[in-house]
Structures are given as structure tokens and as C-alpha cells.
Amino acid sequence: MKKIKQGGLRRRLAVGAAGARGGLGLLSSKAASLFVAPENRAAFQAQALQREAERFVQQLGELKGAYVKIGQMLALYGEHLLPRPVTDALHTLEANTPPLAWDTVATQLGAGLEGLRIEPQPLAAASLSQVHRASAPRVRRPLCVKIQYPGIADTIEDDFRNVMQMLSLAQWVKSGRQLQDLTKELHTHLMSEVDYARELRVAGKFSRLLKSDARYCVPAYYPKWSSDRVLTMEYLSGVEVTDPAVQGLSQARRNRLAKHMLALFFHEVFDWGLMQTDPNFGNYKIMIDPEGENDRIALLDFGAVQVLDNRFCKALRTTITSAHRRDRQGTIDGLIALRCLRADDSPAVKQSFVSFCEFILEPFSQTADEWPKHAVSDEGNYLWRQSKLLTRAGKRGSDGMLVKGFVVPPPEFMLIVRKLTGVFTFVSTLDARMRCSELLQPYLD
């Protein structure tokens, strides 16, 4: 790619046209469905919605830049407010983004990078930035440079507003408190992603928190070669969890890595109040120890880290520990504090949420008697991959939405669900076979 399409008016018109086309397309399909047999109308209209959603997502992909990131975030956090065909189509934006040409990206470097030698060929590209290998005199460590795409920060406010207006124009979302909460949450995350000064500070916090923990590694950052558009850091060699080198490790080593990831989640939400909200595997690398003693997880991206306030962390801890103990009233109290439930919700709605919380904590049970038979090994360990936990949880969540009086949880809680989904997927990918109750035990005492 030579460039990302620029021009506020041009981008607004493109997205506005997509929204208008989507709305008109659905109106036309509804009219056309009158000529379809009644028993086939629902399927006819569903196909029309899928077709219009795919057209809209194709338009976002062509515009590149912030539109792609916004679409990815809506796919993750908007599933309770957007029609299923729309979120399914948005998930296709998660594929790798083609990089920009070096002469375009290089315009972001500016002054202050004297002595830094950057390789023009990128290591990786995402929706808002791309990463290049680098080196510098008197620095023995290999380096890499994360460079923000030109114009992204300047158009991000307009792009975000355009997409939300488009969704309303296409009648895919309805205005209300839930949409306002989601919009506010997504906007906060989006602005954090392009705030490199903030990312530098958060990376420093994680580095200090984990400096004496041999299970993890945080790259060293170089403020003198960083700016509001550039971040320079140590390059950490490693592979993703899906790499054959990781998949070929012994069961004991894969179990240890799985426990490292689960323990990191508990540290983030209970001890630190700092949570990496992007469950992308690319944000972590496995640093395989040649001696086999200390395989580590490298944390690579801190742009999507969210600060969780004390009230939220306390309520989440109450919910999790109460659900683990099968303390129904304690779980309800925690869910009310999280704003997932209201005190006057029906018993059916409360029980639906309580059951889901107890269910998702299945791997942390102290006894295998509470696990389904297909999730228990001959040695009495929990089989993460064979358990199909996330598939079963998704079915439970969908059933819960059908309970009369169900209210969409607040964005904060949805972030936790998405974070857990990413962590559990990571552990399942490792094909972990282990008991996990001791990881939760310190927070129960």
C-alpha cells in the first residue's frame, strides 16, 4: 500500500453512502419479502442483512486506517447491540493488514532519531501502525520501532463519529443508554491506542511490576527515540503460541505456560487494576528456553491496557470468589456492584447470571466431580481443549439473553468477558491438562 485514503469529506461520504445503502437495501429486501412465502421470509431477510453487512465491512476495509480498528473493536464489544450478521462480517477485518510503503511511513519519524537505523521492510503491520527492526550504536540489544500511520491521529475522531452515525443510519443499532455506554468505552480505547506517551508510561508500569518475575518479560523502551508517533523498544525474539515449536513442547512445559497466562490475568484484574484488553495472540510471544527450565511469556503491546478502578476490581473479586464458593447471594451482590444486575431484577434474570458465572469458573473447581466427563483426563486433570468450555459458555450466554428482563451488561464487564475469552483460548491452544484451583486460592483467603 502506498497510503491510507485521506480527506475528512471523502471518508465521511464513503461511510455515509455505505450506511444509506445498507438502510435502503434492508428496506428493499423487506418490501421484496412480501412476495416471498411467509415461511421463507425470515431466511430471505437474514440473507439480505448479511449481504449488506458484508458490503459495509468491505467499504471499511478499503478505507483502511482507523476504520479497520473501529470495525475490529465493534466486532469484539458490540455483539449484544449489533445484529449477528454484522458482527460476523466485522470479524473478517481481523486479518493481517498490508503494510504501507516505507517512503510514506518514514514521514512520521521526524527529528530526534539520530543514530537509529531502521530497516525499511516491516516486521508486522496492523490497522493503526506497523513495526520495523532497528539498531543503534552502543546498544547491544536488537531494537524495533512501532510507527503510527500518517494522519491516523488527526482523523480518528471524525472516523469514529462517522461509523457510529452510519450504524444508526443503517438502522443496525438503536439509540439509548447502552449504545451511549458502548460508544464512550470504544472511544476511550481508540484514543488510548494512538496515545504513544500513555503507552510508554503503561509499559514502564508493567516493567516495574514484573521485573523480578522470571515467568514474564517486558521489552525495554527507549524514550529518547520515541515520540507521539514513534515508539522504540527492545526486540524480543520468540514465537506465537500457535507455532509448532510451542505446540511440540512437553505437556509439563505447556502446562506451566498456561498457568503463567492465567496467573497474569489474576494479577491484572485483582492486584494491579491494569488489564490488557486486546486478546490478540500477536500481543504475546513465547520465549522458549533452550535448557527447558524457564519458558517465558513476553508482553509486547500496551496500547490497549485499561485502568480498572478500585470499585470495579472489588466488585469483580466478590463476584468471582462468591461464584467459586457457590454463594448465590454473594454472587448477586457482586453482579449488582458491577452493574450487570439491578436489585429489582427478576429471580430468573439473577439466576441466569449466577449460573453463567459459576459455569465459567468450571476449570478452577477443586474437585473433578464438578467437571463434565469429557473434560477429565485419566489422571484427574482438566482437559482445556477437549472441554469445549468457550463453546458451551457461548451457548449459555445466548440462552441467558432470552430470559425475560435481560439487560445488556456494561462495557466494563464485557471487556472482562472478552479478556477471559482470549486467556482461555490461549490456554486451550496450549492443550493444557491440569488443575487450576491453586491459582484462584490466594484470592479466596
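Here is a short tour of some salt bridges and a pocket, stop by stop.

Before you click, note that this is a predicted model, where local features need pLDDT of at least 70 and side-chain atom pairs count only at pLDDT 80 or more, while totals for chains, interfaces and linings use all residues. Residues are numbered from 1 along each chain as its sequence is written, and side-chain values use heavy atoms, with hydrogens and water left out.

**Stop 1: Glu-199 and Lys-146**

Select Glu-199 and Lys-146, whose side chains form a salt bridge with 3.2 Å from N to O. (A salt bridge here is a side-chain nitrogen of Lys or Arg within 4 Å of a carboxyl oxygen of Asp or Glu.) Glu-199 sits in helix α8 (residues 196–210) and Lys-146 in strand β3 (residues 143–148), so-called distant parts of the chain, 53 residues apart. (Helices, H or I with at least four residues, and strands, E with at least two, are DSSP runs numbered from the N terminus.)

Are these two buried or exposed? Glu-199 is buried, at 1% relative accessible area, and Lys-146 is buried too, at 7%. (Buried means under 20% relative accessible area, exposed over 50%, and partly exposed in between, with a 1.4 Å probe and protein chains only.)

**Stop 2: Arg-253 and Asp-295**

Now pick Arg-253 and Asp-295, a salt bridge whose closest N and O atoms are 2.8 Å apart. Arg-253 lies in helix α10 (residues 251–272) and Asp-295 in the loop between β7 (284–287) and β8 (296–299), so this pair ties together parts 42 residues apart in sequence. Both residues are buried.

**Stop 3: Lys-259 and Glu-438**

Lys-259 is partly exposed at 26%, and so is Glu-438, at 39%.

**Stop 4: the largest pocket**

Select Ala-126, Asp-278, Asn-280, Gly-282 and Asn-283, which lie nearest the centre of the largest pocket among its 47 lining residues. (On a 1 Å grid over the protein atoms alone, a pocket is an open set of points where a 1.4 Å probe fits, with protein on both sides within 12 Å along at least five of seven lines; lining residues have an atom within 4 Å of a point.) Then highlight helix α3 (residues 66–77), which gives the largest share of the lining, five residues.
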